[in-house]
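Okay, thanks for coming, everyone. Let me put the structure up on the screen, and then I'll walk you through some helices and charged pairs.

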Amino acid sequence: MTMQLDPHWQALIDFDQQHIWHPYTASPNPIPPIGVKCTQGSLITLADGSEVVDGMSSWWAAIHGYNHPQIMQAMKDQIDQMPHIMFGGLTHEPAVELAKRLVELTPKGLEKVFFADSGSVAMEVAIKIALQYWISRGQKRKNRLLTVRNGYHGDTFATMAVCDPVNGMHHLFNDVLHKNLFAPAPESGFDTESDNRDIQALENLLQTHHFEIAAVTIEPIVQGAGGMRFYRPDYLKQLKALCEKYDVLMIADEIATGFGRTGKLFACEWAKVSPDIMCVGKALTGGNLTLAATLCTENVSRTICEGEPGILAHGPTFMANPLACATAIASIDLLLASPWQQRIADIEHHLKTELSPLAELDGVTEVRVLGAIGVVELERSDLGPKVQATALENGVWIRPFGKLAYTMPAFNIPSEQLQTLTDGIKAAIHSL
């Protein structure tokens, strides 16, 4: 798609292309970025004045769409009162009120809240907590992590070490990352009736290495950036039982799945499990500001604080930023006051109805849908740019990666825009 831009915007794009590194791109970027003027609801106004339907909800975070008046008002009120204050030795109402909501809404037993400023940092903190827990118990040998293939937990160093070491985005760093253990990926399919070979492989690793494993990290039910794969709730239930059997902690990465995306408020609810440590982010603020949190049980926090040095030595500068916390409160309250379960059920039905026939096309491996997530898996991994460009020509913004063309729209996307979204995806796939 070639945009006709005025000189001001063309100068911005030219500078950006030469000087700014975007996610997972080269610099200079061989493909110029697409300028955005403004957003409203599920619509993005591009630099040339055209409007497109947002199928990504800004990497799965803008669950209420953009510029929702209730959230905007909460942000404006907090800016006037106190946009930021350090969290060392001080506290404020937005942090306390947000922590109350998180403790109440997350799975039972998660009583302690550590605020961070991104999902990757929240996972770094979770890993640090797990390691320090065993140090405080005098079991320093338990310093490795067990996870599953096709997983993704972030781009910082500890999180890279629990992303898939072969098919993930960080295999280049394998020689310098901490050596962790990887079980086979859970068998694909939310409704799969499994023979539990995947669980047996996981147990074999736990049985052999439990003396050196601090925790198992897992993305509940949905493996996100590692492949957009769905797996059965019973796997998660059995994983939790194995963690208890072999005395290792369970870290649930709910950064992508939290706050309703799968049809449950948190994906752990599908298996009725409560992890020892859990991370949330992305949709926490409704996609308006960066904020994340790591929660853990009373047992985990007490063990750490009774050990040496008696503290959790971590403290981001913008930890518990009041503006971000106030935004998160508004987003959570808006979600809970809405018919979010019905909205997600309606989106799921629409995505299944509209996208499932694509599975019959040559070049399409599978179509899968869960909650407000729709995935079209292609046979080839080099078609993403073409899919993106064709979708854009049809008034839709999606961001494929590898073999995967997928959508995660806002929960309140109007029905006619949802239809435009799926029509645009279908046109892009049919064009291949």
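Let's start with a salt bridge: the side chains of glutamate 244 and lysine 240 meet in one, at 3.7 Å from N to O. By salt bridge I mean a side-chain nitrogen of Lys or Arg within 4 Å of a carboxyl oxygen of Asp or Glu. Quick housekeeping: this is a predicted model, where local features need pLDDT of at least 70, side-chain atom pairs count only at pLDDT 80 or more, and totals for chains, interfaces and linings use all residues. Residues are numbered from 1 along each chain as its sequence is written, and side-chain values use heavy atoms, with hydrogens and water left out.

Back to our pair. Glutamate 244 and lysine 240 both sit in helix H8, four residues apart, which is about one turn of the helix. Helices here are DSSP runs of H or I with at least four residues, strands are runs of E with at least two, and both are numbered from the N terminus. So, buried or exposed, what is glutamate 244? Glutamate 244 is exposed, at 54% relative accessible area, while lysine 240 counts as buried at 11%. The cut-offs: buried is under 20% relative accessible area, exposed is over 50%, and partly exposed is in between, using a 1.4 Å probe and protein chains only.

Staying with H8, which spans residues 233-245, its packing partner is helix H7, residues 197-209. Their angle is about 15 degrees and their axes are 11 Å apart. Axes are lines fitted to C-alpha atoms, for helices over the stretch in contact, and angles run from 0 to 180 degrees between N-to-C directions. H7 and H8 are therefore roughly parallel; that label covers angles under 35 degrees, with over 145 roughly antiparallel, 65 to 115 roughly perpendicular and the rest oblique. Who touches whom? On the H7 side we have Asp198, Ile199, Leu202, Glu203 and Leu206, and they meet Tyr235, Gln238, Leu239, Leu242 and Lys245 in H8. Contact means heavy atoms within 4.5 Å.

Arginine 144 and glutamate 212 form another, with the closest N and O atoms 3.3 Å apart. Arginine 144 lies in strand S5 and glutamate 212 in the loop between H7 and strand S7, 68 residues apart. Both of those residues are buried. There's also a salt-bridge network, linking Glu97, Lys100, Arg101 and Asp333.

Last stop, lysine 264, in the loop between strands S10 and S11. Lysine 264 is partly exposed, at 29%. Setting aside neighbours within four places in sequence, lysine 264 is in contact with Glu269, Trp270 and Trp340. That's my tour, thanks!
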